[in-house]
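Welcome, and take a moment to look over the model below. The notes that follow walk through it topic by topic.

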Amino acid sequence: MLFTIPENVASIGEYALSHCSSLQAIHIPNSVSSIGNHCFYLSGLNSIEIPSSISRILPSTFQNCNYLTSVSLPRSITSIGSSAFYNCISLPTISLPNTVTSIGDGAFGSCNKMPNFTIPYGVTSIGSSAFSSCSSMQSIFIPESITSIGSSAFSSCTQLKSVVIPPKVTSIQSSTFYNCPNLINVTIPDSVTSIGSSAFQGCKNLTSLKIPDNVTSIGSYAFSNCVNLVSITLPKKLTSLQYRAFDGCSSLLSIVIPDGVTTLGEYTFRGCTNLHSVTLPENLNTIYYYTFYQCNNLTSIVIPGNVRRI
């Protein structure tokens, strides 16, 4: 069914056409300046052309539009709201205009048909879970204008192979690349100072990673179950290495803990079954329980004299 909005209509309200399962296409005139939240939620919409009178795609506007295959956005669009296209499982591609500056939380989450995505220059922030569970996505271009990437932004992008994080980003937040089992190449810029909990957990094909010199903290489970991670160099400025950071990294061969680390959390290297060499810093004072549990090939380790608790 084609639905035509009359020329004198100025706005379309929230949920106006949601659950309209027979709606396949719609004509929206330039007189419309706003389209409400959830407007097309769970509708049968196949394609849509947004008029240039619209400046924002509001939250959940097209959420769960399972049959949506084509979207045309004008250059007037400046932001993509949270969950705007969430779970549009048939949408194979979408081109964002260069006028867009922000992508909201969950904006394109679970868009399973997208093999690649280009974020335009001008976008400064990517929301939490913005592309989570985009299970067909193999590559994504992230421009240098990006300053922040939200937690779980690319979690469970199970086909994602390579990512270059731009130089203005200062933190890899929690679960950013959680469960990206085919991720083999990640470039982290020198601007990054922290790696959050579960940031790379379950990245099973990641074999090596260069952590920038300015990183001071690595969160819990950050590299947990990276089962093919053979080598990683921890930066000299590192002061915090949280529990289970390398839990289950069964291919890791050796590790040198920097001088700034004073505490090793519980289960930090649990299940690192091929770990045979560990260098501990002189300033280390606490080794919590099960830190090296199931490190079956670790035959010797020198405990520094400052350690007061094991």
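Cys39 is buried, with a relative accessibility of 0%; buried means under 20% relative accessible area, exposed over 50% and partly exposed in between, using a 1.4 Å probe and protein chains only. This is a predicted model, in which local features need pLDDT of at least 70, side-chain atom pairs count only at pLDDT 80 or more, and totals for chains, interfaces and linings use all residues. Residues are numbered from 1 along each chain as its sequence is written, and side-chain values use heavy atoms, with hydrogens and water left out.

**Cysteines**

- The structure holds zero disulfides, a disulfide being a pair of cysteine sulfur atoms within 2.5 Å.
- Cys39 is in no disulfide, and its nearest cysteine sulfur belongs to Cys20, 8.9 Å away.

**The open sheet**

- Four strands make up an open sheet in the order 1-3-5-7, with parallel pairing. Strands here are DSSP runs (E, at least two residues), as helices are (H or I, at least four), numbered from the N terminus, and two strands pair if DSSP finds at least two bridges between them.
- Strand 1 (2–4) and strand 7 (70–72) stand at the edges with a single partner strand each, so one side of each has no neighbour in the sheet.
- From one strand to the next, the twist averages 15 degrees; axes are lines fitted to C-alpha atoms, for helices over the stretch in contact, and angles run from 0 to 180 degrees between N-to-C directions.
- Three bridges join strand 5 (residues 47–49) to strand 7 in the parallel sense, and Ser47 has Ser70 of strand 7 as its bridge partner.

**The nonpolar core**

- The largest nonpolar core has 96 residues. Such a core is a set of buried Ala, Val, Leu, Ile, Met, Phe, Trp, Tyr and Cys residues joined through side-chain atoms within 4.5 Å.
- Among the residues with the most contacts inside this core are Phe40, Phe108 and Phe223.
- Phe108 touches residues including Phe85, Met114, Phe131 and Cys134, leaving out those up to four places away in sequence; contact means heavy atoms within 4.5 Å.

**Loop residues**

- Gln63 lies in the loop between strand 6 (56–57) and strand 7. Is Gln63 buried or exposed? At 14% relative accessibility, Gln63 counts as buried.
- Setting aside residues up to four places away in sequence, Gln63 touches several others, including His38, Phe40 and Tyr86.
- Ala222, in the loop between strand 19 (217–218) and strand 20 (231–233), is buried at 0% relative accessible area.
- Ala222 and Ala199 are 23 residues apart along the chain, yet their C-alpha atoms are separated by 4.9 Å.

**Positive phi angles**

- Tyr15 is a residue other than glycine with a positive phi, near 60 degrees. Tyr15 sits in the loop between strand 2 (11–12) and strand 3 (25–27) and is partly exposed at 43%.
- Ser198 likewise has a positive phi near 60 degrees, and this residue counts as buried at 12% relative accessibility.
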